[in-house]
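User: Could you take a close look at one part of this model for me? I would like a connected walk through the contacts between side chains and the surface around them.

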Amino acid sequence: MASNTHQAVEDDATKGTMDISEHVKMWLAFWNGAKWSAAGILVVAALLAIFRTHNG
């Protein structure tokens, strides 16, 4: 049967340390993708506005 107690298995040397370099790289990749996606959407919107096919 499972126990409801929580036992920490970390030692004091690793407790409270975290390497965030992977997180920073992922955030920069996300930001770069979001930036270029927004730029692409604006370009498509501009092209649609310039070359509209209705007679409005």
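How many salt bridges does the structure hold, and what surrounds that part of the chain?

Analyst: Happy to. Please keep in mind that this is a predicted model. The structure holds 1 salt bridge. Its partners are Glu 22 and Lys 25, whose closest N and O atoms are 3.3 Å apart; that falls inside the 4 Å cut-off for such a contact. Both residues belong to helix H1 and sit 3 residues apart, about one turn of the helix. As for cover, Glu 22 has a relative accessible area of 52% and is therefore exposed. Lys 25 is exposed too, with a relative accessible area of 52%, and the threshold for that class is over 50%.

Now to the aromatic side chains. A search of the whole structure turns up 2 aromatic pairs. In one of them, Trp 27 and Phe 30 have ring centres 5.5 Å apart and planes at 40 degrees, so this pair is tilted. Trp 27 and Phe 30 are both in helix H1, with a spacing of 3 residues, or about one turn. Trp 27 also pairs with Trp 31, and here the arrangement is stacked: the distance is 6.3 Å centre to centre, with 20 degrees between the planes. The stacked label follows because planes under 30 degrees apart count as such. Along helix H1, Trp 27 and Trp 31 are 4 residues apart, which means a separation of about one helical turn. Taken together, the ring pairs link Trp 27, Phe 30 and Trp 31 into a cluster.

That cluster leads us to the surface. Trp 27, Phe 30 and Trp 31 are among the members of a nonpolar surface patch, which also includes Met 18, Ile 20, Val 24 and Leu 28. Together the patch residues have about 800 Å² of accessible area. Ile 20 is worth a separate look: its place is in the segment before helix H1, which spans 21-50. Its relative accessibility is 43%, so Ile 20 counts as partly exposed.

Finally, the wider setting. The chain has 1 helix and 0 strands.

Technical notes
Residues are numbered from 1 along each chain as its sequence is written. This is a predicted model: local features need pLDDT of at least 70, side-chain atom pairs count only at pLDDT 80 or more; totals for chains, interfaces and linings use all residues. Side-chain values use heavy atoms; hydrogens and water are left out. Patches are made of residues with over 30% relative accessible area and no salt bridge: like charges are joined within 9 Å, nonpolar side chains (Val, Leu, Ile, Met, Phe, Trp, Tyr) within 5 Å. Accessible areas come from the Shrake-Rupley method with a 1.4 Å probe; for residues, only the protein chains shown count as cover. A salt bridge is a side-chain nitrogen of Lys or Arg within 4 Å of a carboxyl oxygen of Asp or Glu. Helices (H or I, at least four residues) and strands (E, at least two) are DSSP runs, numbered from the N terminus. Buried means under 20% relative accessible area, exposed over 50%, partly exposed in between (1.4 Å probe, protein chains only). Rings of Phe, Tyr and Trp (its six-membered ring) pair if their centres lie within 6.5 Å; planes under 30 degrees apart count as stacked, over 60 as edge-to-face and the rest as tilted.
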